[in-house]
Each structure stands twice: as structure tokens, then as C-alpha cells.
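Here are my notes on the salt bridges and the nonpolar core. Please read them with the model open.

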Amino acid sequence: MSRDSDAKKERQRERKHAQQRVRTLRNLTIGAAVSGAIAAVLILGVVAGSGGDNSGDGPSPAGSAAVADFRIKTPSWSGGEEFVLSQQRGKPVAVYAVASWCFTCIPEAQAWGKIQRELGDKISVLIVSVDPGESENSFKQFKEISDGPDRYWAIDSDGSLVQALDIFTLDTTVLLDADGREVYRDGVPTSEGKLREKLASLIDTPVPTRSREGS
């Protein structure tokens, strides 16, 4: 009984730590948005129109082991079912960390919507709010504004996904291969062109390159 009690306390401590980490992230991001709104709008415009490189991103170590399995429930408007990582084996999985108030997250959410609709069931895209206080209604509004993927969406209300994938910032993209191994991670807004480039080596069907308007 004491071992079970100790294990339970440890899980509770880990969950509390994950929740505190996300709350700190939210407070820092809100503060930056208030003090630098004009700069943020300019950044949004650059990201939306850029197909270039992102500093600070990079591939994960080659030969890495499969990430720990996790499950998270989707909102009622996204099916209300559980997204279970181990049930996605056989195709790449993209996890994108956002919050409904993160307007710099919109361009990449839009990009994932386009990609998912083109590739269909050849890929699983999970857009997850890492704000534990997120409401389903606010998150649905974010989906509608960003025209993101039709499914899957989820709210990490207890911080378990943040902990499982070691997510520390909004705009984090984690890309897993068909065996559940992490092959790419970044922590900045990522262009649609780069997302397609990273997916190209993971999917047998060619991933269409992004067309540029007016080119």
C-alpha cells in the first residue's frame, strides 16, 4: 500500500509541476503580448508570408526511442473521443502546442489544416491547447479563426501531454514518425513550406509543395 501511495504522490507532484510550468508560460506570453503588441503583429505578418528558415529549430536525435504513450480527450465539437498516441502507429503524428489567445499560432494552425486536408488519413495532426484554463468555446473560436484541421483538437487541462512531450513554449511543433519516434521539434512559428519539407521523408505519397500566390 505504501508503494502505491508513494507512486500516487509522485504522479501528483509531476502533474502539479507541469501545470505550474504552463501557467508560468501563459503569464510570460500575455505580458509580452501586452508590452509588445505592435512587434507581435509584425512578426505575425512575416511568419504568414514566409517560407524560409526558423532559427532555434532542428531535428531530434537520430535513432531516438518511441515517446511515451499518452491519451487525451478531444472536445465535443472535435468528436469527443480520446486521442491515443499508440493507436496512431503506422503513420506520422504532428503535435502542435497552442492557446486560443496565441495569435502568432494562427498561421501554423492554418498550414496544418491545409496539409491535413490534402493528406487525409496518411497523417494524424493534433492541435492541443496547453493552457489548463482553456474553455472549449474559446478553443473552438480559435479553430474557426485559424481554419485549422477538421480533427484532432484537445485541451491539456492537467498538463499530462506537456509533461509527456516536454513542451516548454507555445508554437512548439513535435513530429513523430510512423513508429512513434520523435524526428523533429521546434519552439517557434514554423512556415508551411518547412512543415511540408519535414513531412516529405515520412510519407510515401509526395507531399505537395506550397504554391505561392502570384508566382
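1. Start with Glu118 and Arg196. Their side chains form a salt bridge, with an N to O distance of 2.9 Å. The term means a side-chain nitrogen of Lys or Arg within 4 Å of a carboxyl oxygen of Asp or Glu. This pair links distant parts of the chain: Glu118 sits in helix α3 (residues 106-119) and Arg196 in helix α6 (residues 192-200), 78 residues apart. Helices (H or I, at least four residues) and strands (E, at least two) are DSSP runs, numbered from the N terminus.

2. A word on the source. This is a predicted model: local features need pLDDT of at least 70, side-chain atom pairs count only at pLDDT 80 or more, and totals for chains, interfaces and linings use all residues. Residues are numbered from 1 along each chain as its sequence is written, and side-chain values use heavy atoms, leaving out hydrogens and water.

3. Are the two partners buried or exposed? Glu118 is partly exposed, at 45% relative accessible area. Arg196 is buried, at 4%. Buried means under 20% relative accessible area, exposed over 50%, and partly exposed in between (1.4 Å probe, protein chains only).

4. Arg196 also forms a salt bridge with Glu192, the closest N and O atoms being 2.9 Å apart. Glu192 and Arg196 are 4 residues apart in helix α6, so about one helical turn separates them. Glu192 is buried, with a relative accessible area of 8%. Through shared partners, salt bridges join Lys114, Glu118, Glu192 and Arg196 into one network.

5. Now compare Arg181 and Asp179. Their salt bridge has its closest N and O atoms 3.5 Å apart. Arg181 is partly exposed at 32%, and Asp179 is partly exposed at 44%. The whole structure holds 10 salt bridges.

6. Next, the nonpolar core. The largest one has 44 residues, of which Val95, Trp112, Leu126 and Leu161 touch the most other members. Such a core is a set of buried Ala, Val, Leu, Ile, Met, Phe, Trp, Tyr and Cys residues joined through side-chain atoms within 4.5 Å. Elements giving two or more residues to this core include β4 (93-98), α3, β5 (124-129) and α6.

7. Leaving aside residues up to four places away in sequence, Trp112 touches residues including Ala94, Tyr96, Ile127, Pro149 and Leu199. Contact here means heavy atoms within 4.5 Å.
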